[in-house]
Amino acid sequence: MNRDLRPLGPRHLADHELCPHKYYLSALGRAREVAHPVGAPRALHGALVRALQETLVVQAKGPAGVERLLETFEAAFDGTACADTWEEERYRRDGRLILEQYYAGGQLERLGRVEVAVVVSGDLDGQPVYARADVVADVGDAGTVLVTYHSARRTPSPSELQEDLRTGLLQVLAARHWAPGGGSPRPGPFSCEVHALRSGQVLTATKSEEQLEAVRARALDRIERIRYDSVFPTARGSHCRWCRSKPICPAWQERWGPF
Ligand code: SF4
């Protein structure tokens with residue numbers, strides 16, 4: 001029986017759904033030990049999110065132009081994650097274009113009082129869980145919006161967003177976390193948005209009560225397996241391409257050799 005009762009986040013649950021062994025290696029901390037490059041897409045995402053978050057914080061005190069956004073991106077982008085200088089230049093150019101388009105779309109101005117990189121924690125039927133929002137913003141009469149940035153090439157479909165664990169857990173936890181009468185209440189209703197940075201689309205990920213119930217049930221089922229299963233089998237698939245545990249994964253030992 002796995003008696004690890006540390007809080008679980010959507011990434012743990014999604015990893016376990018994809019491949020129980022991926023979750024297992026990540027939970028043991030083995031994935032961090034692997035000298036595996038972070039990769040250009042992940043470096044791009046990290047730098048985009050950081051640039052947007054820092055600019056939103058600065059903007060709350062006074063105007064922050066697109067130059068500030070681009071400068072922060074350039075400083076935050078980790079070029080060592082790229083395979084070579086061609087790739088680095090391509091990803092830097094992509095990042096600048098994405099931010100210029102996003103800025104022109106007016107989304108930074110639309111968000112009012114903001115907090116960035118907010119972790120909301122609570123429990124589901126007594127099981128400790130948490131979820132992270134890239135930005136939490138007051139949007140006047142529309143209440144509070146929980147923003148997640150998405151930088152992958154493929155924009156998530158409406159059905160994927162309806163079932164998305166991250167925004168689902170966020171919505172469930174936010175209503176309790178910022179409830180009236182608490183330490184620092186925020187105005188409801190709480191809605192979730194995914195900002196697809198490459199397409200410039202603002203996608204709604206707010207779920208109905210029925211959809212939230214499905215997210216809760218799915219999360220609890222997964223938590224139970226994580227807590228009580230003693231075996232975490234591998235599940236090979238196309239997702240292995242992006243798995244940072246691949247060098248130490250038993251399912252790929254023939255290819256990589258013993259770790
Ligand atoms: S490489 Fe594939 S099979 Fe191995 S842990 Fe990662 S996702 Fe699972």
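1. The radius of gyration used here is taken over C-alpha atoms, and the globule rule sets it against 2.2 Å times the number of residues to the power 0.38. This is a predicted model, and for its 259 residues a compact globule would have a radius of gyration near 18 Å; the protein chain has 19 Å, which agrees.

2. On overall dimensions, the C-alpha atoms of the protein chain fill a box of roughly 55 × 50 × 30 Å along the principal axes. Within the protein chain there are eleven helices and five strands, and 29% of the 259 residues count as buried.

3. Which residues touch the most other members of the largest nonpolar core? In this core of 46 residues, they are Leu48, Leu99, Leu146, Leu169 and Leu170. Helix H4, which covers residues 40–59, gives the most to this core, with nine residues, and the core draws at least three residues from each of domain 1 (10–108 + 231–256) and domain 2 (114–222).

4. Leu99 deserves a separate look: once its neighbours within four places in sequence are left aside, Leu99 is in contact with Leu48, Ala51, Leu69, Leu70 and Phe73.

5. Around the ligand there are 15 residues, of which Cys19, Thr234, Cys240, Cys243 and Cys249 come nearest. Sorted by class, this shell has eight nonpolar, four polar and three charged residues.

Definitions and conventions
Residues numbered from 1 in each chain as written. Predicted model: local features only at pLDDT ≥ 70, side-chain atom pairs only at ≥ 80, totals over all residues. Helix = DSSP H or I, 4+ residues; strand = E, 2+ residues; numbered from the N terminus. Buried ≥ 20, exposed ≤ 12 C-beta atoms within 10 Å, placed from the backbone. Near = placed C-beta within 6 Å. Nonpolar A, V, L, I, M, F, W, Y, C, P; charged D, E, K, R; others polar. Core = buried A, V, L, I, M, F, W, Y, C linked by C-beta atoms within 7 Å. Domains from an automatic or database assignment. Contact = placed C-beta atoms within 7 Å.
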